Amino acid sequence: MVLKFYGYEHSTASQIVAMVLREKKIPYEYIPIDLGKGEHKQPNYLAIQPFGQVPCIVEDDGFTLYESRAIARYLVENYPGGPELIPSERKKRGLFDQAVSVEGFNFERYVNAVIMEGLLPKFRNQPYNEERIKELGKSIASTLDVYEKTLAKSRYIAGDELTLADIYHLPGGNLLPIMGINLLQDDARPNVVRWWNEISKLESWQKVKDGLPGKD
C-alpha cells in the first residue's frame with residue numbers, strides 16, 4: 001500500500017503536491033479526479049474532501065488531508081528523503097515563513113485572479129476584462145520589484161536553499177505568459193529571471209508541468 005494522491009490533470013494546486021512528492025521521492029498512487037465530468041462533486045469523493053476540491057491525500061491508515069499547502073508541509077515534515085524544503089534552523093525558518101506569506105498575499109492572490117478572471121474565460125472563449133488583467137499585472141510587477149532586491153542577496157526566495165516557497169510559485173507563474181504577462185522573464189529584473197529560470201528547470205517541475213500524473 002502507498003499514499004493515495006487525488007488530483008486533477010491541470011490543477012495548479014495538484015501540481016504543487018505532485019512536485020513535493022517527487023522532490024521527496026515518496027511513492028504514491030495517483031487517482032485522477034476529472035473536474036470537467038464533475039467527479040469532484042460525487043458522494044464518494046465528497047466523503048474524503050467535503051469541499052469537493054483537489055488535491056487530497058489519503059495515507060494507508062486512512063489519515064486524510066486536503067489543501068495543497070497543508071499537504072506540502074505535511075509531506076516535507078513527515079517523510080524523509082530528498083531536500084529539506086522547510087528549514088529547521090530558526091532564522092532560516094523565519095525567512096521561509098516570511099517568504100511563504102509574501103507569496104500567498106503578494107503573488108498567488110494576483111496570479112489566481114489572472115487565472116480566474118482572464119485565463120479561464122479565454123479558454124472558454126468568453127469575454128474578460130483586459131484592463132483588469134493589466135491592473136493585476138501591475139500588482140505582480142510590484143511584487144517582483146521586491147523579489148529583485150531579495151534575490152540580489154540570495155539564490156532562492158527564502159535564502160540559499162530551495163524551499164516550498166520557491167515551488168509554490170511555479171504552477172501559477174508558468175501560466176502568466178498565456179495572458180501576455182511576461183514579467184518573470186523581464187530583463188529589467190535580472191535576478192528574478194535567473195531565479196525563475198533555475199527553478200523552472202527542476203526535474204520535479206519538468207515531470208508535471210504538462211499535466212498529471214507526470215512523466216516518469
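Rings of Phe, Tyr and Trp (its six-membered ring) are taken as an aromatic pair if their centres lie within 6.5 Å; planes under 30 degrees apart count as stacked, over 60 as edge-to-face and the rest as tilted. The model is predicted: local features need pLDDT of at least 70 and side-chain atom pairs pLDDT 80 or more, while totals for chains, interfaces and linings use all residues. Residues are numbered from 1 along each chain as its sequence is written, and side-chain values use heavy atoms, without hydrogens or water.

A search of the whole structure gave 8 aromatic pairs. One of them joins Phe5 and Tyr30. This pair is tilted, with 5.5 Å from centre to centre and 55° between the planes. Phe5 belongs to strand 1 and Tyr30 to strand 2 (residues 28-32), so the pair ties together parts 25 residues apart in sequence. Helices (H or I, at least four residues) and strands (E, at least two) are DSSP runs, numbered from the N terminus. Phe5 is buried, at 1% relative accessible area. Tyr30 is also counted as buried, at 16%. Buried means under 20% relative accessible area, exposed over 50%, and partly exposed in between (1.4 Å probe, protein chains only).

Phe51 and Tyr66 make an edge-to-face pair, 6.0 Å centre to centre and 70° between the planes. Phe51 sits in the loop between helix 2 (43-46) and strand 3 (56-58), and Tyr66 in strand 4 (residues 64-66). The two are 15 residues apart. Tyr66 is partly exposed, with a relative accessible area of 26%. Elsewhere, ring pairs join Phe107, Tyr147, Trp195 and Trp196 into a cluster.

The largest nonpolar core holds 58 residues. Such a core is a set of buried Ala, Val, Leu, Ile, Met, Phe, Trp, Tyr and Cys residues joined through side-chain atoms within 4.5 Å. Phe5, Ile57, Leu75, Ile140, Leu164 and Trp195 touch the most other members. Elements giving two or more residues include strand 1 (3-7), helix 3 (68-78) and helix 5 (130-151). Helix 4 gives the most, with 10 residues. Ile140 touches Phe107, Tyr110, Val111, Val114, Leu176 and Leu183, leaving aside residues up to four places away in sequence. Contact here means heavy atoms within 4.5 Å.

The UniProt annotation "domain: GST C-terminal", from an unreviewed entry, covers residues 89-216. Over residues 89-216 the chain is 65% helix and 0% strand. The end C-alpha atoms of this stretch are 33 Å apart.

Notes. UniProt positions are given in the numbering used here, feature names are shortened, and annotations may be inferred rather than shown by experiment.
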